[in-house]
Structures are given as structure tokens and as C-alpha cells.
Amino acid sequence: MNRLSTVKMASPSRVVLLACGSFNPVTNMHLRMFEVARDHLHKTGRYTVIGGIISPVNDGYAKKGLLSCKHRIAMCRLAINSSEWLKIDPWESEQDAWQETVKVLRHHQAVLDAKYISDSVNGNKPRRTDISPIQFSSIAKRTRRGKSSQVQQHLDSNDANNGNVTATVSRPKRRKLHLDVEGNQTGPEAHASSSNTYERGITPDDGYFSQINSPEFERPVQLLLLCGADMLESFAVPGLWKDEDIEEIVGKFGLVVISRAGSDAHKFIYESDVLTRLENHIEIVTEWIPNEISSTRIRRALKRGNSVKYLIPDPVITYIRSHKLYLQEEEKQ
């Protein structure tokens with residue numbers, strides 16, 4: 001039984017899936033990965049996937065043919081327009097430079113901690129509402145911005161209805177403690193000037209630090225990195241990944257790997273000493289319906305004027321045509 005399975009059977013572990021990549025452009029394969037992973041995790045009976053995050057890479061990645069994040073984020077948003085549980089997060093692409101994957105994971109786990117841990121530590125009971133996940137995300141943002149009266153009014157109006165979704169949105173009024181993604185405290189001036197700092201809404205004496213640093217501590221919501229087998233195999237490429245980053249990505253966060261045709265993820269883990277030691281942190285998901293859509297091949301087809309319908313979402317095709325994208329792959333648009 002792997003580490004992801006070591007949870008209390010009576011209460012499934014809540015997880016959020018994070019996918020990092022170029023999404024240049026986003027394809028149906030990218031979206032299917034989330035669906036396949038969620039199905040697999042739910043069928044184990046041990047996990048509840050409460051959300052999925054798509055994080056387009058920063059322009060500083062400087063990969064040949066990489067469109068500006070403005071276009072890639074816009075296409076991703078169009079692609080998930082019909083999804084009730086996926087969202088696009090521009091944090092990574094909005095930074096001043098390219099961010100290593102481990103730093104992106106730290107950021108998003110910190111955001112999840114800010115949203116859920118203070119309520120867990122302080123014993124606040126969740127409110128029952130009939131709001132959708134998308135509405136809840138918006139409400140939670142307004143709560144963190146201090147617009148509690150608007151949130152309370154929304155909740156009160158929903159209390160009269162039959163709520164089916166449990167959501168924790170209230171926040172007690174406390175002095176804010178400013179932390180960066182490494183968990184270090186920063187002053188108000190540093191908070192105002194740094195995009196990597198968050199208001200956790202917790203105080204030093206509320207038990208956060210002692211509990212989160214405890215080996216026995218279980219986060220209310222755990223972030224898992226969703227990826228394909230090619231990323232798992234890339235860990236073996238000399239000089240591509242720092243050893244300590246692999247340790248943290250796999251050991252602290254965990255991987256959900258979607259297998260692909262011709263790839264044996266289990267064999268690759270066996271051949272890697274590091275991954276073998278951390279294999280209890282890796283969940284392998286088999287995709288029985290072959291899905292070999294490649295963004296590289298999509299760009300090539302577009303450049304040659306070939307149809308890509310049914311390979312990428314229709315709204316994305318419309319966006320590409322209206323902005324005349326991928327006509328010349330080498331050109332930064």
C-alpha cells in the first residue's frame with residue numbers, strides 16, 4: 001500500500017491536482033489527464049479530488065515556439081469553460097522569471113494551507129451551502145480580501161435553501177501573519193512588495209506552526225502533482241533536475257502519473273534508486289483509451305494549415321484563428 005493510500009479509511013483524504021506545463025496550446029489530452037486521474041483516485045475510495053489547477057509555464061522558460069502567457073492562459077480558460085472543478089492559475093506565468101516546479105508546488109500548497117488550515121487548527125466547523133465550487137472559489141477570495149459582510153450575506157441567503165456542498169468560508173478576525181512560500185515570516189513592507197507572500201489569516205499562537213511542522217500532521221488538503229510518464233522518466237536525465245527537488249516533489253507532495261502507450265512507469269521506478277525509495281509517494285494511473293495528442297504535432301498541423309478539430313477544444317481553435325497564432329512556430333507572438 002503506497003503512502004497516498006495511508007489515510008484514515010473512514011474519511012477520504014481531500015486532494016487537489018496540479019498540472020504544470022507549456023499548454024502551447026492546451027489540448028484535449030491535457031484535460032483528459034485530470035478526468036482520468038480523478039476517476040482513478042475516487043475509485044480507490046481513499047481520496048476526494050476537490051479541485052484541479054492548470055499552471056502554464058512562465059515565458060522565461062524560453063522554449064522554441066512558446067507563445068506568450070497572455071495567449072496560453074486565454075486558451076486554457078476557454079478550454080475549461082465547461083468544467084466545474086478545474087481552474088487556471090496564472091501565478092507561475094506572472095512571475096518575473098521562470099519558476100522551478102518545486103517552487104510552484106510550494107506556492108499552491110501555501111495557498112491551500114491559507115484557505116483550509118486555520119479553520120482546521122482552530123476547530124471551526126464548515127458551513128453547508130448550495131454554492132458551486134466555482135462560486136465558492138470566488139467567495140473564498142472575497143473572504144481573504146476582508147469582504148466578510150458580503151460573504152456572510154451570501155451564506156445567510158443560502159441557509160434558507162437545501163445545501164449539498166460543505167464549504168469552509170468564514171474567517172475569525174485575527175491579526176495577520178505574513179509568510180512567504182518557504183514559510184518564513186515577513187514584515188508588512190516586504191509583504192507589500194513581494195508577490196510570493198501570503199496572508200495566512202493565522203497568528204503565532206494558534207497552533208499552526210507546531211502542527212504543520214509535526215511529522216504526524218496531515219494537511220486538510222494535499223496538493224499532488226499530475227503528470228505524464230515522460231516527466232517521471234525525465235528525472236533520470238542528467239542535470240535536468242536537482243536531486244533535492246526530486247526528493248521534495250515526490251516525497252513531500254506526491255505524484256499522480258498517467259501512463260502512455262509504450263511506457264512502463266513501474267519498470268522505470270524500479271530502475272531508479274531514488275524513485276524506488278519514494279515509490280510509496282507515486283500513484284500510477286493507467287489510461288486504457290490511447291490518447292497521443294501532442295501539442296508539438298498540433299502546432300505543426302496548424303502551421304501547415306491542417307485541421308485540428310476534435311483534437312483541441314473548439315473555442316481554442318476559434319481563438320487561434322482569430323489571433324493568427326502558430327502560423328510560424330519560431331515566432332514569439
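Me: What should I keep in mind about the model and its numbering?
Reply: The model is predicted, with local features needing pLDDT of at least 70, side-chain atom pairs counting only at pLDDT 80 or more, and totals for chains, interfaces and linings using all residues. Residues are numbered from 1 along each chain as its sequence is written, and side-chain values use heavy atoms, leaving out hydrogens and water.

Me: Which residues touch the most other members of the largest nonpolar core?
Reply: In soluble globular proteins, nonpolar side chains tend to be buried together. A nonpolar core here is a set of buried Ala, Val, Leu, Ile, Met, Phe, Trp, Tyr and Cys residues joined through side-chain atoms within 4.5 Å; buried means under 20% relative accessible area (1.4 Å probe, protein chains only). The largest such core has 41 residues, and Leu17 and Met75 touch the most other members. Helix H1 (residues 28-43) gives the largest share, six residues; helices are DSSP runs of H or I, at least four residues, numbered from the N terminus.

Me: How do the axes of H2 and H14 cross?
Reply: Two packed helices are described by the angle between their axes and the distance between the axes. Axes are lines fitted to C-alpha atoms over the stretch in contact, with angles from 0 to 180 degrees between N-to-C directions. Those of H2 (residues 69-79) and H14 (residues 314-322) come within 8 Å and cross at roughly 150°, which makes the pair roughly antiparallel (over 145 degrees).

Me: Which residues of H2 meet H14?
Reply: Counting contact as heavy atoms within 4.5 Å, Lys70, His71, Ala74, Met75, Leu78 and Ala79 meet Pro315, Val316, Tyr319 and Ile320 of H14.

Methods. Buried means under 20% relative accessible area, exposed over 50%, partly exposed in between (1.4 Å probe, protein chains only). Helices (H or I, at least four residues) and strands (E, at least two) are DSSP runs, numbered from the N terminus. Angles under 35 degrees count as roughly parallel, over 145 as roughly antiparallel, 65 to 115 as roughly perpendicular and the rest as oblique.
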